[in-house]
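What holds the parts of this chain against one another?

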Amino acid sequence: MLLYIRTFITMIVGLYSGRVLLEALGIDNYGIQNVVGGIVAFSSLIVGTTAAASSRYITYALGEGDLTNMRNVFTTVANVQIFMGLLAVIFLEIGGVWFLNEYANIPDGRMMAANWVLQCSILTTFAGLVSTPYSACIIAHERMSIYAWMSIVDASIKLAICYIVMLYDKDRLILYASLLAGVQILMTIFYAIYSRVNFEEVRYQFKIDKALLKEMASYSGWNLFGNTSWILNTQGINMLINVFFGVSFNAARGVANMVNGCIQGFVENLMLAFRPQITKSYASGELSYCKMLVSRSTKFTWLLMIIFLVPVCLEAKMILSLWLVKVPPMAVVFLQFVMFDTLALKYSQPLYTLIQATGRVKHYTIISCLYGGTIFPITWVLYKLGAPVWATYPVSIIIRFTIVFIRLHTLKELVNFKGVKYLKESVLPGIICTLVAFVPMLLISVMWKDCLARFIVLVPLSIFWTILVIFIFGLSSTERLVVKENVISRLHDLKLIKSHSL
């Protein structure tokens with residue numbers, strides 16, 4: 001609940017910050033920011049894999065409950081992250097600077113600002129990577145309150161930065177990038193101090209457990225293969241859009257991703273709560289409970305996502321028009337597509353969490369990357385043939401929806417996971433709810449001319465209708481009973497509070 005309160009506040013602040021930022025920077029500068037961000041994100045090929053390994057091994061060690069081993073894991077992970085962070089800096093200073101100056105489609109006169117943003121982004125990336133072991137400890141211990149509060153503080157500071165940038169009369173893009181780097185450094189310092197004070201295992205030493213490092217290297221090596229596919233399918237697509245269509249479409253993609261990111265935060269909170277429990281229950285040998293968590297979190301992820309998907313897709317144009325002073329070209333179409341793309345990406349993530357918990361990722365990584373990695377080359381071919389800029393999304397949606405079969409096959413071999421039962425109990429209710437919730441609202445939107453009145457009526461109506469559909473078709477009889485009991489209990493508590501106040 002703390003995470004959802006945090007997400008609601010950060011969503012409001014984030015959306016307003018995005019409006020102010022786009023107005024302050026302008027479409028071209030905002031596009032440059034997204035292009036440079038895409039270049040920096042390629043460093044995840046090196047470091048993102050170790051970040052995933054850090055979280056997995058810290059959570060697993062906590063599940064085992066051995067303090068000595070927990071300290072050993074933490075100090076090894078911390079030193080590995082520092083080393084990989086330095087490696088990322090070298091990679092970006094060579095490869096990132098080369099691509100930006102030689103191939104990126106940057107407007108005339110803005111290359112110096114783009115290079116400045118790149119340097120600030122490299123510093124931000126390094127600070128974020130160093131903080132990974134500390135934030136992993138906070139999540140593993142399920143200290144969601146501090147995580148929630150710091151996210152709110154972070155969003156509030158970034159809103160203040162947007163206003164500072166608005167008041168600045170020189171190069172606003174350079175100032176914005178510099179201030180963001182400063183915020184990330186301060187957040188890293190806070191997480192380190194908090195973890196040191198509150199968690200016994202957080203005792204840094206300049207040493208690395210060679211046996212653990214070898215195990216992490218094997219685990220990370222296969223994740224590196226998977227990360228390559230992921231980065232090409234996200235930031236690689238961003239680079240293709242820049243080369244073929246220019247920074248204005250990068251700005252549109254950035255706007256769509258910003259709205260989607262705020263909504264996605266609600267879904268991520270659900271997984272943030274489930275993920276450590278899945279890993280720890282597997283580590284402690286509670287396999288049946290672990291499988292139940294995977295199935296339930298899949299269904300709840302899908303159902304939660306469509307509460308946002310239906311109104312946002314139907315009223316994307318009005319949402320962006322009310323939110324932004326000037327809407328970048330194709331932003332509406334991008335937003336509609338990206339909502340379905342996120343649903344396809346997120347709903348089966350609990351399966352991947354269980355695969356990671358087993359530590360046996362080789363077989364899955366090879367197959368999934370060969371299949372999922374086709375998004376980038378297919379998009380490249382489509383753009384070469386003259387396809388429109390949005391053509392990448394249908395490709396991505398289809399591939400990401402169907403990758404669930406690879407995950408189910410892998411888990412059947414690893415933990416005897418029942419794929420048919422999973423599809424029937426977790427995926428089928430989501431498909432039914434999506435169709436029943438979306439189709440009637442779509443018919444209303446088609447018959448009603450696009451206007452503010454439709455927006456005011458259709459958004460709350462679609463949310464209410466979707467929740468009702470979820471309650472009837474999405475929840476099991478047991479889950480419906482739990483919801484009824486909780487609602488009755490809350491109403492009873494409210495009556496008691498009201499009677500006492502009177």
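Arg-454 and Glu-315 are both buried. The model is a predicted one, and in it the side chains of these two residues meet in a salt bridge, with 2.8 Å from N to O. Arg-454 sits in helix 18 (residues 452-474) and Glu-315 in the loop between helix 9 and helix 10 (316-323), so this bridge links parts of the chain 139 residues apart. Side chains of opposite charge can pair when their charged atoms come close.

Arg-454 has a further partner: Asp-450 forms a salt bridge with Arg-454, and the closest N and O atoms are 3.5 Å apart. The relative accessibility of Asp-450 is 32%, so Asp-450 counts as partly exposed. Arg-454 has 7%, and because buried means under 20% relative accessible area, Arg-454 falls in the buried class.

Elsewhere, salt bridges with shared partners join Arg-296, Lys-299 and Glu-479 into one network. Within it, the side chains of Arg-296 and Glu-479 meet at 3.7 Å, N to O. Arg-296 is partly exposed at a relative accessible area of 36%, while Glu-479 is buried at 12%. A search of the whole structure finds six salt bridges.

What is the count of disulfides? The count is zero. Among the cysteines, Cys-433 is buried at 0% relative accessibility, and Cys-451 is partly exposed at 25%.

The aromatic rings come next. A pair of aromatic rings is described by the distance of the centres and the angle of the planes. The count of aromatic pairs comes to 18. One of them is formed by Phe-337 and Tyr-393, which are stacked, with 5.8 Å centre to centre and 0° between the planes. Phe-337 lies in helix 11 and Tyr-393 in helix 15 (residues 392-402), so this pair ties together parts 56 residues apart in sequence. Phe-337 has a relative accessible area of 22% and is partly exposed, whereas Tyr-393, at 2%, is buried.

Another pair, Phe-340 with Phe-438, is edge-to-face, with 6.0 Å between centres and 70° between the planes. Phe-340 is in helix 11 and Phe-438 in helix 17 (residues 419-447), and the pair links these distant parts of the chain, 98 residues apart. Phe-340 is partly exposed at 27% relative accessibility; Phe-438 is buried at 16%. Ring pairs also link Phe-190, Tyr-191, Tyr-194 and Phe-199 into a cluster.

Helix 11 itself covers residues 331-346. Its 16 residues reach 22 Å from the first C-alpha to the last, close to the 22 Å expected at 1.5 Å a residue. Which residues of helix 11 are buried? They are Ala-331, Phe-334, Leu-335, Val-338, Met-339, Asp-341, Thr-342, Leu-343, Ala-344, Leu-345 and Lys-346. An α-helix has 3.6 residues a turn, so residues three or four places apart point the same way.

Leaving aside residues up to four places away in sequence, Leu-351 is in contact with Val-294, Val-404, Arg-407, Leu-408, Leu-411, Phe-417 and Tyr-422.

The buried residues of helix 16 are Val-404, Ile-406, Arg-407, Leu-408, Thr-410, Leu-411 and Val-415. Just after the helix, Asn-416 takes a positive phi of about 55°.

Technical notes. Residues are numbered from 1 along each chain as its sequence is written. This is a predicted model: local features need pLDDT of at least 70, side-chain atom pairs count only at pLDDT 80 or more; totals for chains, interfaces and linings use all residues. Side-chain values use heavy atoms; hydrogens and water are left out. Helices (H or I, at least four residues) and strands (E, at least two) are DSSP runs, numbered from the N terminus. The expected span of a helix is 1.5 Å times one less than its number of residues. Buried means under 20% relative accessible area, exposed over 50%, partly exposed in between (1.4 Å probe, protein chains only). Rings of Phe, Tyr and Trp (its six-membered ring) pair if their centres lie within 6.5 Å; planes under 30 degrees apart count as stacked, over 60 as edge-to-face and the rest as tilted. Contact means heavy atoms within 4.5 Å. A disulfide is a pair of cysteine sulfur atoms within 2.5 Å. A salt bridge is a side-chain nitrogen of Lys or Arg within 4 Å of a carboxyl oxygen of Asp or Glu.
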